[in-house]
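Subject: Structure for you to look at

Hello,

Here is the structure I said I would pass on. Please open it first and keep it beside you while you read the notes below.

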Amino acid sequence: MASNKTSFRPLLPVFLILLTEYVLLTVSLANSSDLACFEEDRKALVEFKQSLDDRVPRLSSWKGEDCCNWTRVRCSNQTGHVIELDLSNVCGEESDNAATGAPMSACLGGELSPSLVNLTHLEYLNLSGRTIRGIPIPSFIGSLKKLRYLDLSHSGFVGMVPPHLGNLSELIYLDLSTTYSDMWVSDLRWLSGLSSLRFLGLEMLNLSQATDHWVHAINTLPSLLELHFSFCELHGSLPQSLPHLNLTSLLVIDLSSNEFQSSLPQWLFNISTLVTVDFSSTGFTGSIPDVSLLKDLETLELQRNSLSGPFPTSIGNLLHLQSLHLSENSISGSLPASIGNLVQLEIMDLSKNKLSGPLPTSIGNIFHLDSLDLSENSISGSLPISIGNLLQLRTLDLSQNTISGPLPASIGNLVQLETLKLSKNKLSGPLPMSVGNLSHLNSLDLSSNMINGSIPTSIGQLTKLTTLNLLSNHWEGTISESHFENLTRLADLKLSSKSLVFNVSQEWIPSFNTSFITIQDCQFVSPTFPAWLRSQFIAYIVLSNVGISDTIPEWFWRNSPHMSWLDLSNNQLRGKLPNLKHFEAYVNLKNNYLEGSVPLWPNVTYLKLGGNRFSGTIPSNIGQEMLKLISLDLSRNSLSGSIPRSLTKLKSLTSIDLSRNYLSGSIPKNWNGSGVETIDFSNNNLSGQFPPNLCSQQPSLFWLRLSNNNLSGDLGSSLQNCQNLYTLDLGGNKFSGVIPQWIGQDLQSLHLLLLGENKFTGSIPHQLCALSRLHALDLSHNKLSGSIPRCLGNLTQLTNSGGMPQPFPSLEDTPDMEPWHIDLDPKGVEYEYTTILPLVNTIDLSGNNLSGEIPEEMRSLSTLGSLNLSRNILTGKIPKDMGSLKQLQTLDLSCNHIHGSIPTSMTYMTSLSKMNLSYNDLSGPIPSTNQFHTFNDPSLFEGNLGLCGAPLPTQCSTSPNGNPEVEEDEDEEGGSEKIWFYVIAAMGFILGFWAVFGSLVLKRSWRHAYFKLVDKMKDRLVVVITLKWMACLQRMTKQERQQ
């Protein structure tokens, strides 16, 4: 809905016209002392009062004979008839609960008496402001023929609006707006009877049943000046044209917050009289039509739609435009130079679009600009110097663009500026000293740029500054006490830079008292805990990676009840942590030297103590003492003992990381909380079987890491309900049995499946190929057999059709969540992957008993980065299209029985940095072009007797033309000679065979002599073997006796 400032000016013409229409009425507003009210009017009002439930009472003055003296009743000075009844806001402020958000209660109950019909001269009726309690608008109001002003807005009526209102032919003002969408209309055609209507307000009425005809009904009102149809549940398409446009006087049109699914029709922008247009949040699509005809337009609101196309140059013709809102669309292109024609513009909001290109220098011509918001676009180039001409500017937000270059010194001319947001750009160069001229500035955000140099001391002249955000830049030099000398109002301080030195004395007492402090990746001159914090009333503090090497003082913990956020991570803090009962905060103390036992802080919600020196057992009652715990990180400590079963009682727990400790025992069962999303118990000494039915109790679990423990047994159906799993890491355990088929059938969200270094048997289930999001598969070092499924070539995420890598699932309830980490060794060395894990595409099937050929279909895995099939019993040749895997960085096919030559297509794998083809049966020359010339280690090709060429010492034989001879080529050239060779050899074998064995068949004496000789040789061989076996047995017996 339009703001008060936006809607006030267009209303002025309406009220001026109403004032003209009521010249006679305004003359007679004073109660006549000469004329008493008519008896029939008095009786009508009495009956009307009696029909109401006036408990307060609000109409207590309605007594006596002269109704013209009653409050909220006015009579004509000429006739004495009642012409005005104004019960607006009769309940006063007592019924207004808007501040609390509770529905307002009406003070008048009962029914409206039809006696009002007897007020035959009534021209003005106002029941607005939560006057009536939960009854429909009575249809008899349509009988008040002389009614010219009817306001029933927000009055508490419900139900269907009676079409009888269409009988009020003299009506010029009608407002039926409501607050809670509790009124509706079935048809708006009755509006055609209100030909004199100049104001129509139906805000929040349900007009969904009038979607097909409301435009034509409105088009019958030629005198209409204002139309307010916001939040009316209108939907569908607007007609793109009208036979005849009657809305020739319209000044204000508000269709905001409806659900149109069509483009903006041009006829709406042909109404040249328009002053205010509000089509925000309406679902309009397509481009913005030509607006050149709207010469008098002052307000244009098209924000929160789906508009696209270039920024319309015709907007530059709207010389009276004061407010322009086009945010949250998809408008593209650059801002035209004609934008500088809008010299009356005060507010311009084009944020959250797709605008690009540099800012035109003409933007400096918009001298009256009060607020400029171009954030979240793709605006590039440098800031024009003319930006310094906007002397009345109070808000400038250019954050989240690609603006580059230095900040112009002319920025210091904007002396009225109160808010300056330039974060998340590519600004570089030093910060100009002129920034100290911005004496009215209360918020400065330059975070996430490339601004370098020292922070100017002139920043200390910004005496009204409350928020200072200088995070993530390339600051250099020193920031000292002088930078903060006059910042007495500073409430939020954010600083970071690896080259920035924070140099303040231990005796320094700041002139400000800030509640929010973020200083990270800087270097404190003094390694002691900063004493200046003692004077601050801290609610939020981050002092991460600033070089503090000290214990946390007691006075700091005394302020802990006020803190909601504490981050002292990545320092060298020492000592033990106290037990605090009233400490309720997010706590991050990771990567320090803290020691002792894990503290019990009952009101802490996020506890991150990973990477310290805590020892002993996790307190067994942690689940009873820390009931509010949402996230727990105790990883990389020296904790021992078992996982406390009380942790399963934490109903609010979403994340738990106990990895890299010395925990033992089994994983607790029966977790009560249903919101656990991440579990990491990896790298401990846990044993036992997998907890049954884990995901039936934790349906939201998406990260499960239990690798490098001593867990055993088969998986069965224990994880079958984990349908939201993103990562399943069970590697380095003793799990056995077959890999369940339901992993591929039910866990469709899997991105990482890591089952290496277990004892799984059987074949690789073909169902794994159905995991369309899978991009990391590790089944290495098991006892798997059978062939590699050909359908692995269909893994969608590893092909071009897989689209962009899926990011980590977001944890809305876990702020400042660190990147997940997984240990993989795609290059032969184990790495811990964190932020780039979604980009790691790997298949590792090494160390099994897989047989058969490498499937040709694997050539489709075009985004695969690592493939390890080593130490199997694979046969066949390397697929000739192996070179299709152009993003492959690591390939290991060693220790198999692969034969044939190295395909020449592999020379096109230009990303390949590590390869091992050793110990196979490969033959032919080793390619020497592209990446292959970098593989100069002979061990990568050793064990292949048929391979030749560098880096092996075996030289390839050459043909007469000097090229290496390839076995396959010789076969092609001398194929006919080989055929004759085989024919002659076969004939010789047949002749030799029958020459010997034929004579034995035909000659009986020769046959007996031959078999007698064979028997003699057999007996002699048996005797020799027996003697050698006995001699060996005697030696072994003798050695055992000597031992």
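**A loop residue to start with**

S186 sits in the loop that runs between β9 (183-184) and β10 (199-201). Please keep in mind that the model is a predicted one. S186 counts as partly exposed because its relative accessibility is 34%. Leaving out residues up to four places away in sequence, S186 touches M160, Q209 and H213. S186 and L207 are 21 residues apart in sequence, and their C-alpha atoms are 7.3 Å apart in space.

**The chain as a whole**

The protein chain has 11 helices and 67 strands. Of its 1043 residues, 51% are buried. The accessible surface comes to about 46000 Å², and carbon and sulfur atoms account for 52% of that. Among the contacts with a separation of 6 or more, 55% are between residues 24 or more positions apart.

**Strands**

In what order do the strands of the six-stranded open sheet lie? The order is β26-β28-β30-β32-β34-β36, and the pairing is parallel. The edge strands, each pairing on one side only, are β26 (404-405) and β36 (523-524). Strand β34 (residues 499-503) runs parallel to β36 and is joined to it by two bridges. V501 has Q523 in β36 as its bridge partner.

Strand β42 (residues 613-617) and strand β44 (residues 638-641) run parallel and are joined by three bridges. T617 stands opposite S640 in β44. β44 also pairs with strand β46 (residues 662-665), again in the parallel sense, over two bridges. There, S640 stands opposite Y662 in β46.

**Core and surface**

In soluble globular proteins, nonpolar side chains tend to be buried together. Here the largest nonpolar core has 263 residues. The members that touch the most other members are L188, L200, W214, F229, W601 and I743. Helix α4 (residues 214-218) gives the most to this core, with four residues. For W601, the contacts beyond four places in sequence include W557, L577, F583, L607 and M626.

Some nonpolar residues are on the surface instead. Y1010, F1011 and V1014 form a nonpolar patch there, with about 270 Å² of accessible area together. Y1010 belongs to helix α11 (residues 1004-1042). With a relative accessible area of 37%, Y1010 is partly exposed.

**Salt bridges**

How many salt bridges are there? The count comes to 12. In one of them, E65 pairs with R42, and the closest N and O atoms are 3.6 Å apart. E65 lies in the loop between β1 (52-54) and β2 (73-75), while R42 lies in helix α3 (residues 39-51), so the pair ties together parts that are 23 residues apart in sequence.

R394 is partly exposed, at 38% relative accessible area, and D370 is partly exposed at 22%.

The side chains of R859 and E856 form a salt bridge as well, at 3.7 Å from N to O. R859 is partly exposed, with a relative accessible area of 36%, and E856 is partly exposed at 34%. Salt bridges that share partners also join E39, R42 and E65 into one network.

**Backbone points to check**

Most residues other than glycine have a negative phi, and most peptide bonds are trans. E233 has a positive phi, near 60°. E233 lies in the loop between β11 (226-228) and β12 (235-236) and is partly exposed, at 38% relative accessibility. K352 also has a positive phi near 60°. K352 is in the loop between β21 (347-349) and β22 (354-357), and at 37% relative accessibility K352 is partly exposed.

The peptide bond that joins A950 and P951 is cis, with omega about 10°. P951 is found in the loop between β67 (946-948) and α9 (967-973).

Regards

Technical notes:
Residues are numbered from 1 along each chain as its sequence is written. This is a predicted model: local features need pLDDT of at least 70, side-chain atom pairs count only at pLDDT 80 or more; totals for chains, interfaces and linings use all residues. Side-chain values use heavy atoms; hydrogens and water are left out. Two strands pair if DSSP finds at least two bridges between them. A nonpolar core is a set of buried Ala, Val, Leu, Ile, Met, Phe, Trp, Tyr and Cys residues joined through side-chain atoms within 4.5 Å. Buried means under 20% relative accessible area, exposed over 50%, partly exposed in between (1.4 Å probe, protein chains only). Contact means heavy atoms within 4.5 Å. Patches are made of residues with over 30% relative accessible area and no salt bridge: like charges are joined within 9 Å, nonpolar side chains (Val, Leu, Ile, Met, Phe, Trp, Tyr) within 5 Å. Accessible areas come from the Shrake-Rupley method with a 1.4 Å probe; for residues, only the protein chains shown count as cover. A salt bridge is a side-chain nitrogen of Lys or Arg within 4 Å of a carboxyl oxygen of Asp or Glu.
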